[in-house]
Amino acid sequence: MHIAILGGGLMGTASAFFLLTHPKAPKSLKVTLIDRGAIGAGATVASFGNVRRQGRDFRQMALAHHSLALWIRLETLLGRDVEFRATGHVRAVFHQEALKDMQNFASAALQHGLEIDQLDQADIRRRFPFLSKDVIAGSFSPQDGSGNPRLVAPAFARAAVRHGLVLRDHTQVVSIRPASSGFRIEAPDEVIEADLLLNTAGAWGGQVADRLGEPAPLTPYAPQMGVTEPLEHRILPVVGVWAHKAEEVIYCRQVERGNIVFGGGPREDVTLTPGHAKVNPHRTLRQLEVLTRLIPALRHTTVIRTWSGCEGYVDDMLPVMGPSARHDGLFHAFGFCGHGFQLGPGVGAEMAELILTGASLTDTNPFHIARFQNETNSGI
Ligand SMILES: Cc1cc2nc3c(=O)[nH]c(=O)nc-3n(C[C@H](O)[C@H](O)[C@H](O)COP(=O)(O)OP(=O)(O)OC[C@H]3O[C@@H](n4cnc5c(N)ncnc54)[C@H](O)[C@@H]3O)c2cc1C
C-alpha cells in the first residue's frame, strides 16, 4: 500500500509519523510526503505556539484532549524535545460581558471534560501580579501550555523518516489526478503513483480539494505576530484575554530565553499566490497598545521582529478532516482556522486511524467535507 501525503506542515508530518508507527500498518506500507518547500515552513513555523483548549469550539474538544495527551508524550515518541511546556493558560477579563462569556464557557466545558479555574480579582492579583489592575477576573487552564513551532514539524518528519518515510521536500507538484486505481501525482522529475492520497496542504488545501472536484469555502488570512527583546523571566503561563471584538484580542507568552512572543487583533488579507503573508506595522502598534493594557510592565520594551503566516480559514471556522465525499482513497486534513497547532499531533493520529482502519478515535463527523456538497467548483 502506497500513501502519498501532499503538504509537509504539522498535519502532514504528524500523519506520516502516525501512519508508519500504527500497530495495524501493513508490512508493505510505503508513505511519501511531498512539499514544494521546506518541511514545516508554512503556517506551522509562523504559529504563536499556543497549545490551548481554553476557549476552543466544543466540537473540537475531544480531538484537542487527545492531542494534548500526545503533546505530553512527544519527546518520548519523537526522540526530541519540541519544547512543549504545560505552563498553564490564563485568560484575563476586563469587562462584564467578557465575564459572562468566561462563566458560560467554564460551565459548558465541564461537560466536555475540561475543567478550568475561575478566578476573582483578588485571586488574579495574587497568582498573576504582572497583569493590569484593570483586570477584573480571569480563568486558568492548568494543563494547557505551548510548544516550539520551529521544532515540531521537522521533528515529526525526522522520526517518520527513521520509520521509512520517503521525503520529497522542495518538490513542486505539476498535476494531481485520480487514476484507474489510486492517484497520479506528477512532479518535474518524477511521477508518484499512490493508492491513497492525503491532502494536508494547509491554506492551499481548498485548492487541492477543488481541483479534485470537491470545493470547500476557505479564505486565507494572515495573523500578525511579534517578539520583544529578552527580558527577565517573570511570566510563566500563556496569557490571553476573553475578548468580544477582534481589536481586543491579545495573547503572549515569555519563552525560556526571556523574549515575549505576542499576537492578536484582526488578521491581514493574503493571496494564495504567492502566499507571502505580510505584517501591517499599524497593527503591530495597535497590538502593543492592547498588550501593555494587559501587562503594563511591557510599556518600554523593544520589538525585535514581526512576522505572519498564511493560514486557511473555513467559513464555519471548523477544519476539513476525513475521507473525501467524492473519491475513494482521498482524505483531507486542512483549514485549521488559526487553531491547528494544538490539534496537530491529534490530527496526525486521527488521520492514521481513519486511513488504516476506517474507524475514528474521536468524533470527526462535524469536520467532513460533505457539509459543503452544495458548493460550486471554482474552476481553478
Ligand atoms: C501566525 C500564525 C499563528 C498561529 N498561532 C497558533 C497558535 O498559537 N495555536 C494554534 O493552535 N494554532 C495556531 N496557528 C494555526 C496553526 O499554525 C495552523 O493551523 C497549523 O500549523 C496548520 O498546519 P498545516 O500542516 O495544516 O499547514 P501548513 O503548516 O501551512 O503546511 C501546509 C504545507 O503544504 C505545502 N503545500 C501547499 N500546497 C502545496 C502543493 N500544491 N504542493 C506541495 N506542497 C504544498 C506548503 O508548502 C506547506 O508546507 C497559527 C497560524 C498562524 C499563521
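Colleague: What is the accessible surface of the protein chain, and what percentage belongs to carbon and sulfur atoms?

Modeller: The accessible surface comes to about 16600 Å², and 49% of that belongs to carbon and sulfur atoms. Accessible areas are computed by the Shrake-Rupley method with a 1.4 Å probe, and for residues only the protein chains shown count as cover. Please note that this is a predicted model, in which local features need pLDDT of at least 70 and side-chain atom pairs count only at pLDDT 80 or more, while totals for chains, interfaces and linings use all residues. Residues are numbered from 1 along each chain as its sequence is written, and side-chain values use heavy atoms, with hydrogens and water left out.

Colleague: What percentage of the residues count as buried?

Modeller: Of the 380 residues of the protein chain, 56% are buried. Buried means under 20% relative accessible area, exposed means over 50%, and partly exposed lies in between, with a 1.4 Å probe and protein chains only.

Colleague: How does the radius of gyration agree with that of a compact globule?

Modeller: The protein chain has a radius of gyration of 21 Å, which agrees with the value near 21 Å for a compact globule of 380 residues. The radius is taken over C-alpha atoms, and the globule rule is 2.2 Å times the number of residues to the power 0.38. Along the principal axes, the C-alpha atoms fill a box of roughly 65 × 45 × 40 Å.

Colleague: And how many helices and strands are there?

Modeller: There are nine helices and 22 strands. These are DSSP runs numbered from the N terminus: helices are H or I with at least four residues, and strands are E with at least two.

Colleague: Into which domains is the chain divided?

Modeller: Domain 1 comprises 2-48 + 150-218 + 315-372, and domain 2 comprises 89-142 + 224-308. The bounds come from an automatic or database domain assignment. Taken over C-alpha atoms, the centres of the two domains are separated by 31 Å.

Colleague: How many residues of each domain are in contact?

Modeller: Seven residues of domain 1 are in contact with 13 residues of domain 2. Contact means heavy atoms within 4.5 Å. Within the protein chain, 76% of the contacts with a separation of 6 or more are between residues 24 or more positions apart.

Colleague: Let us turn to single residues. Where is Trp242 found?

Modeller: Trp242 is in the loop between β15 (238-241) and β16 (251-254). This residue counts as buried because its relative accessibility is 8%.

Colleague: Which residues does Asp101 contact in turn?

Modeller: Apart from neighbours within four places in sequence, Asp101 is in contact with Trp242 and His244. Asp101 belongs to helix α4 (residues 96-110), and its relative accessible area of 29% makes it partly exposed. Asp101 and Trp242 are 141 residues apart along the chain, yet their C-alpha atoms are separated by 7.3 Å.

Colleague: What about Ala155, is it buried or exposed?

Modeller: Ala155 is buried, with a relative accessible area of 3%. Ala155 lies in helix α6 (residues 152-162) and touches Leu78, Arg80 and Val82, not counting residues up to four places away in sequence.

Colleague: Now the backbone. Which peptide bond is cis?

Modeller: The bond from Thr273 to Pro274 is cis, with omega near 5 degrees. Pro274 is in the loop between β18 (268-269) and α8 (281-294). Most residues other than glycine have a negative phi, and most peptide bonds are trans.

Colleague: What is the phi of Met317, then?

Modeller: Met317 is not a glycine, but its phi is positive, at about 60 degrees. Met317 is found in the loop between β20 (311-314) and β21 (320-323), and it is partly exposed, with a relative accessible area of 30%.

Colleague: And where is Cys337 found?

Modeller: Cys337 is in the loop between β22 (330-334) and α9 (340-357). Its phi is also a positive value, near 55 degrees, in a residue other than glycine. Cys337 is buried, with a relative accessible area of 1%.
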